[in-house]
Amino acid sequence: MKRIKCLPASPGFAIGKAYLLSQKDSFSLKVKGEEALLLLEKAKSKLRENLQLDSEKVGEEEGDIFFSHMLLLEDPEIWGKVNEKIEDGKSLGEALNEVEDEVVSLFESLHDERFRSRADDIKDVMRRIKEVIIGNELLIPEDSIIVSEEILPSHIVEFERWKPKGFISSAGSPFSHSAILARAKGIPMLTSCQRITEIVRNGEMLILDGEKGEVIIEPSDRLQKIYMEKEALRQKEEREAIAKRHLPAITKEGKRIVVYANVGNPEEIEEAKKMGADGIGIFRTEFLLFQGEDALRKETHLRVYRMAGKVFHPKPVHIRLFDIGADKPFQFLNLPNEPNPALGLRGIRLLLKRKELLYPQLEAIIEAHEEYPNISIILPMVSFPEEVKEIKELVGEIPVGIMVETPACALCLSKMAKFCDFFSIGTNDLLQYTLAVDRAGKDVSELYNPAHPSLWRLIKIAVKEAKRYGKEIGVCGEIAGERTFIPRLIRIGVEHLSVSPRFVPIVKEIIRSLNFRYAED
Ligand code: PEP
Ligand code: MG
């Protein structure tokens, strides 16, 4: 029996056999010669079928995208080059990557916009062909604990069909997008498990402790039994919380805390409602950008904002303006190549410079607000009061909130207060900017520690200032869903918590169990 310390990224306990992803991954792309040529042909015909199915599932306009992918899949020059490289002794993965690089740089060097967007198409086709190749090889036994150097968001979505019990990665951070996704799906996950792919062998029995942040390799039968009981208890607690999800969250002294949901796509709106959320604390709208140029049309926005406004009416729905840049880049927008994007044109800064991104979104919010007055706006990455003033002047009566995500915003909250109606502390970014630690940085993930006193000083200052100006303030970063931090946030005076829809019932239940005198300091 061996124990390895890691960072907890998604709570829960899992007991199951290890499935090492990296071995299989590299195996299928490392094949050479005849085997590689055969695998490639098989993958191409499978992708042909998939593209056909995809184009049937979507409307005519989106279908065109898949049609251009099909043309690329039949392009004799591209695939001729891949075959040539394999015949020259390159592995399947190397041949695909090299041809992708060559074709992409050729398209990107052409100044015509149409050719540049072809570069994105070729990247997409290459990504999909590699996925098909890996997918053909993958046959993950159900109920496995998946161990890999890196767990990507697409792994979490695609591997759902194998019903994984948990994910463990040697790299990654608990605040990465894959961790957020694993939490949303209720799958336990650990990150920063140093050298785990070298230590664990395929098929070995593992316990994943998502509370303590520990992997136990080859545990004794007695320990497995203890963990089974722990997991059963956790699930019981979850079921009880779910039964009471539509009741308000009131502490034992009678303090009501609003529990909102953070949503990131239309499906989560319904889920948030089902889970008993008191509204939408932040509606992350970046998913719309996956529709490419369509995200710059008012109609694309309006449909989803109306839906959110209607589902939650009359409860609040805070629509966050696009938070583009830093860890959320989008190729088709041709963003500047900055040496330090997290400190560059991100969030509100970018929107105020690129009005073609801002205006359709604002117009849609204004129109949706006329029908559903519960809709309001929330601004990402604010550091200067002028940024809020400019938006406020554009939207008139619609309430405008600020995400407190920079130390500048937290420390100068009083300067912001006259231009806005409410605040929500985005601790994911506030922590990264306070500690100067990249929230997704693989090598600094252990330093990204929400218990650091600097974060709590800023939260206290912000809450105190917001109250002085009579403005509602809450927290929407991941710490709002963490059992250890919830009592502390409420004691400081936070009025709302905004968490992933899945966590709404349990967060409400934790609040109901709290018993301390509510302090205003
Ligand atoms: C945050 O920064 O805390 C936040 C909620 O925003 P995001 O995670 O989308 O950057
Ligand atoms: Mg943020």
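**Reading the model step by step**

Modeller: Let us begin with G135, which is found in helix α6 (residues 113-137). Please bear in mind that this is a predicted model.

Biologist: Is G135 buried, partly exposed or exposed?

Modeller: A residue counts as buried under 20% relative accessible area and as exposed over 50%. G135 has a relative accessible area of 24%, so this residue is partly exposed.

Biologist: How does one describe two packed helices?

Modeller: Two packed helices are described by the angle between their axes and the distance between the axes. Here, the axes of helix α4 (residues 76-87) and helix α5 (residues 92-109) cross at roughly 140° and come within 9 Å. At that angle, α4 is oblique to α5. Their crossing is right-handed.

Biologist: Which residues make the contact between α4 and α5?

Modeller: From α4, they include W79 and I86; from α5, they include L96 and V103. The residues of this contact divide into nine nonpolar, no polar and four charged.

Biologist: Which residues coordinate the magnesium ion (ligand 2)?

Modeller: E405, through OE, and D429, through OD, coordinate the magnesium ion at 2.0 Å. E405 belongs to the loop between β14 (400-404) and α16 (407-411), and D429 to helix α18 (residues 427-435), so the pair ties together parts that are 24 residues apart in sequence.

Biologist: Are E405 and D429 buried or exposed?

Modeller: E405 counts as buried, at 2% relative accessibility. D429 also counts as buried, at 2%.

Terms used. Residues numbered from 1 in each chain as written. Chains lettered and ligands numbered in written order. Predicted model: local features only at pLDDT ≥ 70, side-chain atom pairs only at ≥ 80, totals over all residues. Heavy atoms only, no water. Donors = N, O, S within 2.8 Å, 3.2 Å for Na, K, Ca; no water. Helix = DSSP H or I, 4+ residues; strand = E, 2+ residues; numbered from the N terminus. Buried < 20%, exposed > 50% of the residue type's maximum accessible area, 1.4 Å probe, protein only. Axes fitted to C-alpha atoms, helices over the stretch in contact; angles between N-to-C directions. Parallel < 35°, antiparallel > 145°, perpendicular 65-115°, else oblique. Left-handed = near helix turned anticlockwise from the far one by under 90°. Contact = heavy atoms within 4.5 Å. Nonpolar A, V, L, I, M, F, W, Y, C, P; charged D, E, K, R; others polar.
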